[in-house]
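Let's take a walk through this model, piece by piece. Have the sequence and the 3D view open side by side, and follow along.

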Amino acid sequence: MLIKGNIAISDNGFVFNPSTGDSFTMNNTGKEVLLMIKEGKKAGQITDLLMAKYDVDKITIERYLDDFMNDLSVNNLLED
Amino acid sequence: MNRQKVTVAVTGLNNIDSPGPGIPVIRGIRESKDFDVRIIGLAYEHLEPGIYMRDLVDKTYMIPYPAEGKDALFKRLLEIHSTENLNVIIPNFDAELFSFIKLEKQLAGIGIKTFLPTLEQFEERNKSNLPVYGEKYGVNVPAGTEVFSIPDLNNTLKSLNYPVMIKGKYYDAYPAYSLEQAVSYFTKMSSKWGLPVIVQEHIKGTEVNVIALGDGEGNLIAAIPMRKQYITDKGKAWGGITIEDPSMLNLAKKIISQTKWKGGLELELIRTADNKLYLLEINPRIPAWVYLAVGAGQNIPEALLKLTLGMNVEPFTRYDVGKMFIRYSWDMIVDLELFSRLATTGEL
């Protein structure tokens with residue numbers, strides 16, 4: 001999974017897709033995960049990092065991460 | 001640097017909810033550092049807001065409606081020219097372009113320059129010719145046809161699925177979800193814009209547009225793709241954003257180079273969910289959202305003026321992605337005296 005190269009992510013969580021003109025706002029966790037994906041981290045690594053940082057069990061993180069990835073895909077933010 | 005003095009006449013001062021491009025064209029030209037410009041407005045209606053925008057338009061003259069023919073228009077332009085010594089006319093309405101194209105040589109003969117598509121280019125991209133155009137130039141276009149009567153409409157609808165788009169010859173388009181609605185829009189469109197009325201397959205997707213400028217030699221001088229963000233009930237963009245879309249720019253380049261288009265144009269496109277681009281219309285003039293292009297780094301009105309004056313214009317190579325325009329309305333207070341002067345003398 002790779003975020004499209006031209007997607008702009010600002011410090012305040014504003015995400016802009018210049019190919020479509022779509023824009024999104026992310027909360028801090030969303031932004032954090034998006035940046036990890038942009039850095040090239042795999043789903044397993046992201047899950048581990050989130051588990052270390054937040055008091056949430058693995059299954060819950062995996063479920064939310066899966067939903068989040070689906071949202072990114074539906075909104076054309078991921079490479080095909 | 002000395003700025004070149006130039007007198008430019010501009011139509012399309014109807015800065016209303018379905019705006020003409022005149023005012024944003026004037027804004028672009030006024031921002032030029034190369035010209036010291038006097039703007040002459042040419043208006044059809046006494047209440048076109050641009051007439052009263054005195055900081056943008058120096059003087060306005062009423063001109064006859066296109067329906068009165070090109071001779072009436074030329075006669076009026078001669079009168080205006082004798083006072084204003086016009087250098088350039090930039091027409092901005094589809095409906096008047098035919099007359100201006102026909103008058104191109106006569107206008108040039110009295111020293112007024114224009115930069116317009118040829119009659120062949122103008123006719124070829126006509127809404128009713130779009131399917132042929134799409135086939136000739138290898139562009140996806142919705143299935144569609146022109147209809148001249150209600151029985152004609154009935155027959156056409158048998159081969160299309162609802163909704164269908166019912167379009168006026170020059171302007172306006174409505175989606176019809178039933179035969180009754182289609183007949184109602186047909187009647188509306190034919191009484192407003194004449195025949196034929198165009199019936200088109202409805203393509204679902206995101207509305208995107210490209211503004212472009214061709215030099216008549218096949219070169220694309222300027223092009224910017226835009227996505228509509230806020231659309232009025234008349235289908236007009238009330239807000240939009242420049243986007244990075246090489247496929248749209250390539251399409252503009254292809255059309256300009258293949259047709260050797262001369263002047264400004266707008267491609268109205270739909271991008272479908274499976275990422276296909278469909279060409280809905282080619283508007284043969286600068287669109288009303290042209291000031292977004294100016295704001296994004298391509299002053300298309302200024303480039304058009306330079307081309308008209310025979311100056312060399314290098315193609316633009318970049319623009320700002322993510323630049324937005326947001327339209328707004330503004331009430332001007334106008335003294336009755338100004339309105340009455342325009343109504344009685346035909347100039348203001």
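Chain B is split into domain 1 (4-115 + 331-345), domain 2 (143-201) and domain 3 (204-326), with bounds that come from an automatic or database domain assignment. Between the C-alpha centres of domain 2 and domain 3 of chain B there are 27 Å.

A word on the ground rules. This is a predicted model, where local features need pLDDT of at least 70 and side-chain atom pairs count only at pLDDT 80 or more, while totals for chains, interfaces and linings use all residues. Residues are numbered from 1 along each chain as its sequence is written, chains are lettered from A and ligands numbered from 1 in the order in which they are written.

Start with the open sheet of 4 strands in chain B, which has the order S3-S2-S1-S4 and parallel pairing. Strands here are DSSP runs of E with at least two residues, helices are runs of H or I with at least four, and both are numbered from the N terminus; two strands pair if DSSP finds at least two bridges between them. Strand S3 (59-62) and strand S4 (88-90) of chain B each have a single partner strand, so one side of each is left without a neighbour in the sheet. On average, neighbouring strands of this sheet are turned by 30 degrees against each other, direction ignored; the axes behind that angle are lines fitted to C-alpha atoms, for helices over the stretch in contact, and angles run from 0 to 180 degrees between N-to-C directions. Zoom in on strand S2 (residues 35-43) of chain B, and you'll find 4 bridges to S3(B) in the parallel sense. B:Leu42 stands opposite B:Tyr61 in S3(B).

Next comes helix H2 (residues 70-84) of chain B, where B:Leu77 lies. Is B:Leu77 buried or exposed? B:Leu77 has 25 other C-beta atoms within 10 Å, so this residue is buried. The cut-offs are 20 or more other C-beta atoms within 10 Å for buried, 12 or fewer for exposed, and partly exposed in between, with C-beta atoms placed from the backbone. B:Leu77 and B:Ala9 are 68 residues apart along the chain, and their C-alpha atoms are separated by 9.9 Å. Follow chain B into the loop between H2 and S4 and you reach B:Asn85. Phi of B:Asn85 is near 50 degrees, a positive value in a residue other than glycine. With 13 C-beta neighbours inside 10 Å, B:Asn85 is partly exposed.

Now for the other sheet. Chain B also has an open sheet of 6 strands in the order S13-S12-S9-S10-S11-S14, with antiparallel pairing. S13 and strand S14 (324-326) of chain B stand at the edges with a single partner strand each, so one side of each has no neighbour in the sheet. Even so, 5 of the 7 residues of strand S13 (residues 277-283) of chain B are buried, so this strand is largely enclosed by the rest of the structure. Strand S12 (residues 262-271) of chain B pairs with S13(B) in the antiparallel sense over 6 bridges, and B:Leu267 has B:Ile282 as its bridge partner in S13(B). The hairpin of these two strands has 5 residues between them, and there B:Asn275 takes a positive phi near 70 degrees.

What about the interior? The largest nonpolar core has 80 residues, and those with the most contacts inside it include B:Val8, B:Leu267 and B:Ile300. A nonpolar core means a set of buried Ala, Val, Leu, Ile, Met, Phe, Trp, Tyr and Cys residues joined through C-beta atoms within 7 Å. Strand S10 (residues 220-231) of chain B gives the most to this core, with 6 residues. Domain 1 and domain 3 of chain B both give residues to this core, so it lies between them. Apart from it lies another core, of 14 residues, among them B:Val164 and B:Phe186.

Finally, look for two cis peptide bonds. The one from B:Tyr162 to B:Pro163 has omega near 0 degrees, and B:Pro163 sits in the loop between helix H7 (150-157) and strand S6 (164-167) of chain B. The bond from B:Leu195 to B:Pro196 is cis too, with omega near 0 degrees, and B:Pro196 lies in the loop between helix H8 (179-193) and strand S8 (197-201) of chain B.
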